Amino acid sequence: MATGFVFDEAFLSHHTGAGHPECAERLSATMEHLNALPLGDELKHIDALPVDQAVIETNHSSAYLARARQTCAGGRAFLDSLDVSVSEASYGVALKAAGAAIALADGVINREISNGFALVRPPGHHAEYDQAMGFCILNNVAILARYLQVRHGLDKVLILDWDVHHGNGTQHTFEEDPSVLFVSTHQYPFYPGTGAWSETGIGKGRGATLNCPMRAGSSDKDYEAAFMEKILPAIDEFKPQFVIISAGFDAHRDDPLGEINLSTGFYCWMTARVMEMADKHAGGRIVSVLEGGYNLTMLPLCIEEHLKALSKSSGDGF
């Protein structure tokens, strides 16, 4: 089976304003790069449909969703804070971004694709239950995790977030829930201020949150140590039935918004390690969803490495 891939021209119509780092060019540059590669022909393209209201209400309050919809429809420039730029189309685009992840997951569950990557915007992992934050409107991966549990009856879901910024919204969604293991590598201290080692979950969820804060300047070697010593053993113990990756590529050494020094090829290495865990425990079931990554030259190259590993077409280097 092929790796599933979602991209929709609608994702380009979420306008954030001139000079904004979370811009449509992130996706258009990536598509231009992928379309020039043999890899692009190997992917199975999946259509994205807007997610149903009932599905997103498992993760966001109805009052927040109404506010987000009205803010965008009214042509206002910001939602909730100055770090969430929106346009008239933004709410509909966010619905389709969340639906893209769900479409891939359905394809994986139904064995139509082996795994999948959603090239979407806006990103999602900062979005809280009742608040937009950090470029994010809907929390795509959190919505997907609940969907997998409610619609497909899965008991144990892993969310691995390797964005340079901590996924505060995702952590807060599941911090009391032992059925979802949330693992994050991120620069710390840094925006949004959450993600310390001591944040391990609350109540019944204690132990189901694993934060691996990384100092500015951390390298491939530092991340490899975190994976081998902390992350992979935790995943092995949890034994997930499905793996979701919050795939930010802003921990790359050339990204303008972070201070982590990962190489381009290291995204292939991380993906391969996660695939080994998915093969062992989850029947290989992985869906990866784009979060950050703001260098328009390097983002397409990092995504290429990620897709090579997902499609197992990169040859040596795993």
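Helices are DSSP runs of H or I with at least four residues, numbered from the N terminus. The expected span of a helix is 1.5 Å times one less than its number of residues. This is a predicted model, where local features need pLDDT of at least 70, side-chain atom pairs count only at pLDDT 80 or more, and totals for chains, interfaces and linings use all residues. Residues are numbered from 1 along each chain as its sequence is written, and side-chain values use heavy atoms, with hydrogens and water left out.

**Exercise 1.** Find how far helix 10 reaches from its first C-alpha to its last, and decide whether helix 10 is enclosed or open.

Solution.
- Take residues 298-311, which make 14 residues.
- The reach is 20 Å, close to the 20 Å expected.
- Apply the burial cut-offs: buried is under 20% relative accessible area, exposed over 50%, partly exposed in between (1.4 Å probe, protein chains only).
- Eleven of the 14 residues are buried, so helix 10 is largely enclosed by the rest of the structure.
- Among the buried residues are E304, E305 and H306.
- K312 follows helix 10, with a positive phi near 55°.

**Exercise 2.** Which residue forms a salt bridge with K312?

Solution.
- Set the rule: a side-chain nitrogen of Lys or Arg within 4 Å of a carboxyl oxygen of Asp or Glu.
- D279 is the partner, with the closest N and O atoms 4.0 Å apart.
- D279 sits in helix 9 (residues 266-281) and K312 in the segment after helix 10, 33 residues apart.
- D279 is partly exposed at 43%; K312 is exposed at 56%.

**Exercise 3.** Are E22 and R26 buried or exposed?

Solution.
- E22 is buried, at 0% relative accessibility.
- R26 is buried, at 1%.
- Their side chains meet in a salt bridge (2.7 Å, N to O).

Notes. Helix = DSSP H or I, 4+ residues; strand = E, 2+ residues; numbered from the N terminus.
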